[in-house]
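Have the sequence and the 3D view ready as you read.

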Amino acid sequence: MRALFINPGLKIKLELKPLILCNLCKRFSISNDGGPSNEGRWRVPQINVKEGQNSRKHEIIKQEVENVCRILETGTWGPTLEKALSSCGEKPHSDLIVGVLRRIKNVELAVSYFRWAERASNQVNSQETYNSLLLLMARCNRFDRIEHILEEMSLAGFGPTFETSLELVSTSVKSQRLREAFDLIQTMRKFKIRPAFSAYTTLIGALAGAHKPEHPHLMLTLFQQMQELGYEVTVHLFTTLIRVFARDGHVDAALSLLDEMKSNSFDADIVLYNVCIDCFGKVGKVDMAWKFFHEIKTHGLKPDDVSYTSMLGVLCKAGKMDEAIELFEQMEINKAVPCAYAYNTMIMGYGNAGRFDEAYGLLERQRLKGSIPSVIAYNSLLTCLGKKGKVDEALKIFNEMKKDAMPNLPTYNILVDMLSRAGKLDSALEIQTDMKESGLVPNVMTVNIMIDRLCKANKVEEACSVFRSMDRKICGPNKFTFCSLIDGLGRHGRVDDAYKLYEEMLDCNETPDAIVFTSLIRNFFRAGRKEDGHKIYKEMTRKGASPDLTLLNTYMDCVFKAGETEKGRALFEEIKDRFTPDARSYSILIHGLIKAGFARETHELFYAMKEQGCVLDTLAYNTVIDGFCKSGKVNKAYQLLEEMKSKGHQPTVVTYGSVIDGLAKIDRLDEAYMLFEEAKSVNVELNVVVYSSLVDGFGKVGRIDEAYLIIEEMMQNKLNPNIQTWNCLLDALVKAEEIDEALVCWNSIKELKCIPNIISYSIIINGLCRVRKFNKAFVFWQEMQKQGMKPNGITYLTMISGLAKAGNIYEADKLFERFKLNGGVPDSACYNTMIEGLSLANKASDAYRLFEETRLKGCCIYTKTCVVLLDALHKAECLEQAAVVGAVLREAAKSQHASRAF
């Protein structure tokens with residue numbers, strides 16, 4: 001009813017049906033000359049007169065169409081345009097409307113004219129005019145308007161002709177709008193319109209060639225609908241569906257279709273068997289491919305060259321060369337003319353297996369049989385030689401092949417790729433020159449290979465030179481060219497140049513994909529320009545480009561590394577909204593939170609990961625184990641290490657290092673050492689970090705001899721301890737107050753040409769001060785300053801206290817003032833030491849000034865410090881200040897007495 005209301009002409013048509021039928025009867029009762037026909041007789045038409053009339057009629061209609069189109073082109077639709085159409089004298093009729101609709105390219109204008117024609121003629125448009133409107137909508141990709149028109153046609157009692165429904169689907173297929181074509185057929189069915197047989201087969205064929213995950217199921221739906229409509233499905237249709245399902249790995253569905261075909265009494269032909277052999281073989285079902293090959297003979301058919309070649313390809317790919325050789329020899333029996341495809345397949349098989357002598361022998365055998373090896377055979381051989389790293393041998397074959405076949409563009413591309421991968425970039429450029437001399441123009445693939453390999457070989461300037469030398473008229477860059485060079489520039493820190501190239505890509509009307517945006521985001525963050533990285537992501541969103549999971553994972557990783565923890569969490573939530581997070585997503589999140597000090601969240605995230613069904617890889621296990629160790633859940637980490645081994649994932653040095661460090665930190669050193677020995681027993685190559693963890697662990701509990709043994713073993717394994725390792729040993733010796741041994745260790749560091757850092761100097765200065773070797777400590781302090789190192793707060797305070805206690809109050813005071821000028825905040829111990837030092841050096845006034853500063857800062861003043869200062873003030877006859885210090889001392893005594901009483 002809604003459609004009838006929208007299109008009132010439908011009601012008029014239903015009322016006029018009897019009149020139309022009456023006119024139709026009169027038309028067939030009139031003779032060709034206009035008089036009544038003789039009953040029961042047919043008159044011979046006057047052909048020449050009729051042709052003349054048709055020609056004149058065609059000219060008249062053509063002129064009418066021209067007039068209407070001229071009016072429609074004058075402006076936008078409105079009352080003025082309608083008035084002009086009404087006054088032009090041509091009353092709308094079917095032929096005129098169809099002609100106009102075929103000329104118009106604006107859908108909105110066409111629909112307006114279509115509706116006006118209904119009103120002007122006071123009748124519903126014909127089936128032919130509706131068909132023309134539908135075709136216009138399809139040509140203009142306005143599929144959103146088609147459903148409404150189909151609904152109107154259904155209510156009017158007719159639908160698109162079979163030719164129109166086929167044309168609608170074909171137009172959609174040509175513009176790669178396959179989903180819209182599928183929806184179009186479903187819309188026709190919704191309104192009880194029968195789509196054409198050819199519409200179904202055209203769309204099924206197009207879906208088969210598009211290689212998208214959802215297409216097999218769409219094809220099966222269409223196939224089943226054809227059966228419901230009573231269309232006769234053929235072996236060819238079954239073959240198309242079986243090929244797609246088998247190719248995409250849906251083996252059960254493919255076998256089900258085969259069973260259905262047999263149950264419908266269809267006989268499989270050789271084409272179907274060849275498809276089954278090829279497709280099932282490619283997804284690794286070798287036994288099934290063999291079954292189909294043997295079935296050919298049992299069903300009275302004879303395997304052809306395609307059957308043998310497909311089966312040979314399956315066996316070679318599966319590495320079953322002995323079976324392939326046997327089948328090849330069987331094929332060759334009584335075969336006068338060798339099959340070039342079979343020879344090419346076997347040559348490729350021998351090459352992939354590294355059996356090049358046999359491949360060369362097969363080339364010679366082919367020649368002896370009177371068949372010259374083709375360029376395909378040589379290209380296959382060159383590809384295999386390149387994969388095996390036999391570059392020199394490949395160049396020799398390249399020179400020999402010219403006797404049999406002229407190298408083509410793929411030949412040169414294979415060689416350029418091979419030489420570039422081997423780092424022989426000069427030779428690759430020579431091959432490119434040879435290509436040009438042979439009359440072949442490098443295509444975009446050649447250029448892409450060169451640019452990609454040059455970038456990976458850190459020769460970015462040469463890659464830019466190749467890019468700039470491209471002849472845009474013959475071979476313009478594509479998105480892969482831009483992608484390789486943008487990434488290459490970004491990886492080498494030239495992010496501004498990479499962005500300029502991205503802008504050039506846009507100017508060339510190339511649409512950047514997620515890979516390009518991923519590269520730009522990653523490289524801007526690596527260059528320390530996180531704001532620009534964020535801008536790239538926003539720009540991508542603004543352009544309507546959809547990020548993939550890899551891009552979001554990379555972006556999240558960059559954000560966490562830049563210290564933006566909350567932004568990283570937000571990105572993980574975005575990943576959950578758009579995709580299903582994978583093991584890498586969780587690994588990045590957990591690692592980022594660990595670095596930000598939220599290691600305790602590892603437990604919760606690990607179980608969320610498990611519940612979601614994420615399959616943990618080695619990286620994920622390592623990240624989670626590290627998180628458990630850093631959050632103190634070492635037992636859980638140990639369990640996960642065992643689980644990792646049971647699931648077939650070999651623990652790496654990172655895995656063992658995390659657990660050993662976790663155990664060492666909680667003083668479970670014997671277990672840590674056992675794990676250390678286990679790692680060595682399974683040939684895991686341990687690094688300096690693992691050894692340092694054990695040195696630190698043994699040193700902290702005073703097991704210094706064992707720490708020394710670990711360092712000794714480390715050096716025997718040709719691993720040089722780094723400064724972190726030495727710092728662990730120095731710290732252990734200092735805490736054990738073995739300062740002489742620490743100084744020997746310091747000399748060893750210098751002899752091994754390992755440069756001490758600020759931590760090393762802080763440890764040794766602190767150790768010397770602890771045993772009251774203050775002057776020696778000051779020597780190290782000065783040495784550190786000469787090395788250009790800035791002392792940290794702890795080192796400053798240690799040195800100030802040491803100098804003050806040693807009586808070198810002048811240097812202590814100078815250092816104290818410098819510390820405060822540099823923004824340092826002295827603690828209570830430092831203030832008290834300085835006050836005592838100044839008091840003992842007879843600098844009572846300076847000591848009192850510092851006493852007042854200490855009180856203002858809210859730091860605690862020790863009783864001993866007050867006593868020493870009070871004595872110095874009395875000696876200097878500073879009685880007023882002495883009274884203040886005495887009052888503070890009395891208050892402190894009262895406070896202590898009250899505290900004890902309480």
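## Before we start

Helices (H or I, at least four residues) and strands (E, at least two) are DSSP runs, numbered from the N terminus. This is a predicted model, where local features need pLDDT of at least 70 and side-chain atom pairs count only at pLDDT 80 or more, while totals for chains, interfaces and linings use all residues. Residues are numbered from 1 along each chain as its sequence is written, and side-chain values use heavy atoms, leaving out hydrogens and water.

## Salt bridges

A salt bridge is a side-chain nitrogen of Lys or Arg within 4 Å of a carboxyl oxygen of Asp or Glu. The whole structure holds 61 of them.

One of these joins Glu152 to Arg115, at 2.4 Å from N to O. Glu152 belongs to helix α8 (residues 146–156) and Arg115 to helix α6 (residues 107–121), so the pair links distant parts of the chain, 37 residues apart. Buried means under 20% relative accessible area, exposed over 50%, and partly exposed in between (1.4 Å probe, protein chains only). Glu152 is buried, at 0%, and Arg115 is buried too, at 16%.

## Pairs within a helix

Lys576 and Glu573 form a salt bridge of 3.5 Å, N to O. They are three residues apart in helix α32 (residues 565–578), which means about one helical turn separates them. Lys576 is partly exposed, at 39%, and so is Glu573, at 40%.

Asp626 and Lys630 meet at 2.8 Å, N to O. Both lie in helix α35 (residues 618–630), four residues apart.

## An exposed residue

Asp287 sits in helix α16 (residues 286–298). With 63% relative accessibility, Asp287 counts as exposed.
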